[in-house]
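These are my notebook entries on one protein model. I set down what I looked up, in the order in which I looked it up.

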Amino acid sequence: MSAPEFDKLPSLKYLGLPGDHTPAPDTDPIAFLSQYLHQLPPHILSHYSYITTPKERTTIPTIRNRRLQYANKNPPELSFEQGKKTWPELWQGRERRGVEEGKEEKAWAEKEFLQGKEKHIGKLGNLLAEYEEEREAERVRNIRRANAMQEDDFVPEEDTDSDEEEEPAPEPEPESEEQARAAFERRIRERFIYGLLDNMDYDKVDWDESLDEEDDREAEDRWFNEDD
């Protein structure tokens, strides 16, 4: 199914601008949004999702700040548990994969399948749980293998001109579970703000003027610099 076509006329008509106005909404949407974002209503702004990506819109400070304000509200989709399910390739933990999903399958079998009659169920619940763990673990392995192959394409060549061998860097101390969870949440929030998360509804944030605050730029600077 093809994406809807973008029509520049609603934006120009709403703002009272001529048809040949520059920057043009259709050929230079980021520049146009940078100039007129605050003056356009959400029902028109949403059409710019047809011709821009979340990553491209990150260059607009207002949109970046709206994402920051939204992330600071601790939405469930950016929580540790939900984020680990949605973006497992970003989680570096070593626990067994698919445990939660397996529990859900087992619970369904015990409560819903054949009205929970034990004589019909037998060991179905445990079997489904094991299958779900295996499926989830395989899915995560495939994602990580694909990401590793992509990263290998960007490994710079070693500098062969240097005669000195660099001393190996000391191994970092292992993170605690709490530190690992905090680092993961911060990582998905940063990727969200920069428009890098798949399976994320950016439209409901980028075009929401209620997320604007007078001091949001100052808040953004504090958030990004807090670890400096």
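What does the accessible surface of the protein come to, and what percentage belongs to carbon and sulfur atoms? I found about 15800 Å², with 47% belonging to carbon and sulfur atoms. Accessible areas come from the Shrake-Rupley method with a 1.4 Å probe, and for residues only the protein chains shown count as cover.

**Entry: basis of the values.** I note that the model is predicted, that local features need pLDDT of at least 70 and side-chain atom pairs pLDDT 80 or more, while totals for chains, interfaces and linings use all residues. Residues are numbered from 1 along each chain as its sequence is written, and side-chain values use heavy atoms, with hydrogens and water left out.

**Entry: overall make-up.** I counted secondary structure as DSSP runs numbered from the N terminus (helices: H or I, at least four residues; strands: E, at least two). The protein has 12 helices and zero strands. Of its 228 residues, 35% count as buried; buried means under 20% relative accessible area, exposed over 50%, and partly exposed in between (1.4 Å probe, protein chains only). I then looked at contacts, meaning heavy atoms within 4.5 Å. Among those between residues at least 6 apart in sequence, 67% join residues at least 24 apart.

**Entry: nonpolar cores.** I took a nonpolar core as a set of buried Ala, Val, Leu, Ile, Met, Phe, Trp, Tyr and Cys residues joined through side-chain atoms within 4.5 Å. The largest one holds 18 residues, and Leu78, Trp87, Phe192, Leu197 and Met200 have the most contacts inside it. Helices α5 (61–71) and α10 (177–193) each supply at least two of its residues. The most comes from α10, which gives five. Leaving out residues up to four places away in sequence, I listed the partners of Leu78 as Ala71, Trp87, Glu185, Ile188, Arg189, Phe192, Leu197 and Met200. Another core, of 15 residues, lies apart from the largest one and includes Phe6, Leu40, Ile60 and Ile63.

**Entry: helix α10.** Which residues of α10 are buried? I found Ala180, Phe184, Arg186, Ile188, Arg189, Phe192 and Ile193. The 17 residues of α10 reach 24 Å from first C-alpha to last, close to the 24 Å expected at 1.5 Å a residue; the expected span is 1.5 Å times one less than the number of residues. After α10 comes Gly195, with a positive phi near 75 degrees.

**Entry: aromatic pairs.** I paired rings of Phe, Tyr and Trp (its six-membered ring) if their centres lie within 6.5 Å, calling planes under 30 degrees apart stacked, over 60 edge-to-face and the rest tilted. The count by this rule is eight pairs. Phe32 and Tyr36 form a tilted pair, 4.8 Å centre to centre with 45 degrees between the planes. Both belong to α2 (residues 29–36), four residues apart, about one turn of the helix, and both are buried. Tyr70 and Phe192 have ring centres 6.0 Å apart and planes at 50 degrees, so this pair is tilted as well. Because Tyr70 lies in α5 and Phe192 in α10, the pair ties together parts that are 122 residues apart in sequence. Tyr70 counts as buried at 13% relative accessibility, and Phe192 is buried at 0%. Ring pairs also link Phe6, Phe32, Tyr36 and Tyr48 into a cluster.

**Entry: Ser49.** Where is Ser49 placed? I located Ser49 in the loop between α3 (42–45) and α4 (54–57). Its side chain makes a polar contact of 3.1 Å with the side chain of Trp207; such a contact is a pair of N or O atoms within 3.5 Å, where within protein one must be able to donate a hydrogen and the other to accept it, and residues adjacent in sequence count only if both atoms are side-chain atoms. Aside from neighbours within four places in sequence, Ser49 is in contact with Arg57, Asp203 and Trp207.

**Entry: backbone exceptions.** Most residues other than glycine have a negative phi, and most peptide bonds are trans. I noted a cis peptide bond from Thr22 to Pro23, with omega near 0 degrees; Pro23 is in the loop between α1 (9–15) and α2. Asn74, not a glycine, has a positive phi of about 55 degrees and lies in the loop between α5 and α6 (80–86). Asn74 counts as exposed at 53% relative accessibility. Asn199 also has a positive phi, near 55 degrees, in the loop between α10 and α11 (203–206). Asn199 counts as exposed at 67% relative accessibility.
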